[in-house]
Amino acid sequence: MTYTLSEQLSKQQLAGLVFKEVFRTATDKPGFFHINLGSDSSSKALRSLMVTLKNELSLLSLAHFNKSLAYHWLVRFDQQVNTPFHIDNAGDQSFLMLGYEPSEIASELSLADFHRYAKADLKASENYLNTFEPVFTANESQLAPFTTTLNSFKEDSYNLVIINNSHPRSPETLGVFHKAHIKNSDLQKSRIVNSMLINMVDESFENKTEPSETNFIDTSIISK
């Protein structure tokens, strides 16, 4: 689902929309949510929204699953590398936020529903999820009927995509694959992505190395 951010929508209402589509327990929801912030924003405002959404989603997760959300990482990087369909290495129940800054580097982000893929073929459903690998190494054409490609990123726009990154080991929240495709790589230019990976955790969880939200919002550091 793609949503154009409206000033009339509260952060709580936005989090509610995201939670409904992303924190899915069945395949009738997509498992991802795309927010177009337009060009009238900033890198700092984008990262601030990501932190605000994480905290609002944590409250919703606590109410619905009796589990809160904890940071796995908070990073910024300049990426011009194609990736295969994959889920990131994190907890069994995890969620990924990707905040894209304006860039002249044209790219696509594709999401593939591996749960629907498994259900579509009885043979696959019997074996695939039980032998699931975080990277899809088979012919990607098999995922085509279950794939959505976001190619509506404008070079002057800020975009945020929230993705269910959960592993099939957790039947409670159903994840999806994601992959990046760079259309016109140019190492003289930048394609900056702000990445937040969060885990769903129970009350006993204690993160002694919790990343700083303030540092993430205020930083000018970009990893290569």
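Which residue in strand 8 is the bridge partner of Ser 110?

1. That partner is Lys 179. Please keep in mind throughout that this is a predicted model. The pair belongs to an antiparallel arrangement in which six bridges join strand 5 to strand 8 (residues 177-182).

2. Strand 5 has another neighbour to look at: strand 6, with which it pairs in the antiparallel sense over four bridges. Here Leu 109 has Leu 150 of strand 6 as its bridge partner.

3. Strand 5 (residues 107-112) is largely enclosed by the rest of the structure, because six of its six residues are buried. Ser 107, Leu 109 and Leu 111 point one way, while Glu 108, Ser 110 and Ala 112 point the other way, and all are buried.

4. Strand 2 runs antiparallel to strand 7 (residues 158-164), and six bridges join them.

5. The largest nonpolar core has 29 residues, and Phe 23, Ile 35, Leu 53, Leu 160 and Met 196 have the most contacts inside it. Elements giving two or more residues to this core include helix 1 (11-22), strand 2, strand 7 and strand 9 (192-201). Helix 2 provides the largest share, seven residues. Apart from this core lies another, of 14 residues, among them Leu 111, Phe 153, Ile 163 and Val 193.

6. Leu 160 deserves a look of its own. Leaving aside residues up to four places away in sequence, its contacts include Phe 33, Ile 35 and Leu 37, as well as Leu 46, Leu 53 and Met 97.

7. The second largest pocket holds about 220 Å³ of space. It is lined by 17 residues, and those closest to its centre are Ser 103, Ile 105, Ala 106, Ser 107 and Phe 153.

8. Finally, is Thr 131 buried or exposed? It is exposed, because its relative accessible area is 53% and the cut-off is over 50%. Thr 131 sits in the loop between helix 4 (122-127) and strand 6 (147-150). Its C-alpha atom is separated by 32 Å from that of Lys 183, 52 residues apart along the chain.

Notes. Residues are numbered from 1 along each chain as its sequence is written. This is a predicted model: local features need pLDDT of at least 70, side-chain atom pairs count only at pLDDT 80 or more; totals for chains, interfaces and linings use all residues. Side-chain values use heavy atoms; hydrogens and water are left out. On a 1 Å grid over the protein atoms alone, a cavity is a set of points where a 1.4 Å probe fits but cannot get out, and a pocket is an open set with protein on both sides within 12 Å along at least five of seven lines; lining residues have an atom within 4 Å of a point. Grid points are joined across faces, edges and corners, and a volume is the space filled by probe spheres set on the points. Two strands pair if DSSP finds at least two bridges between them. A nonpolar core is a set of buried Ala, Val, Leu, Ile, Met, Phe, Trp, Tyr and Cys residues joined through side-chain atoms within 4.5 Å. Buried means under 20% relative accessible area, exposed over 50%, partly exposed in between (1.4 Å probe, protein chains only). Contact means heavy atoms within 4.5 Å.
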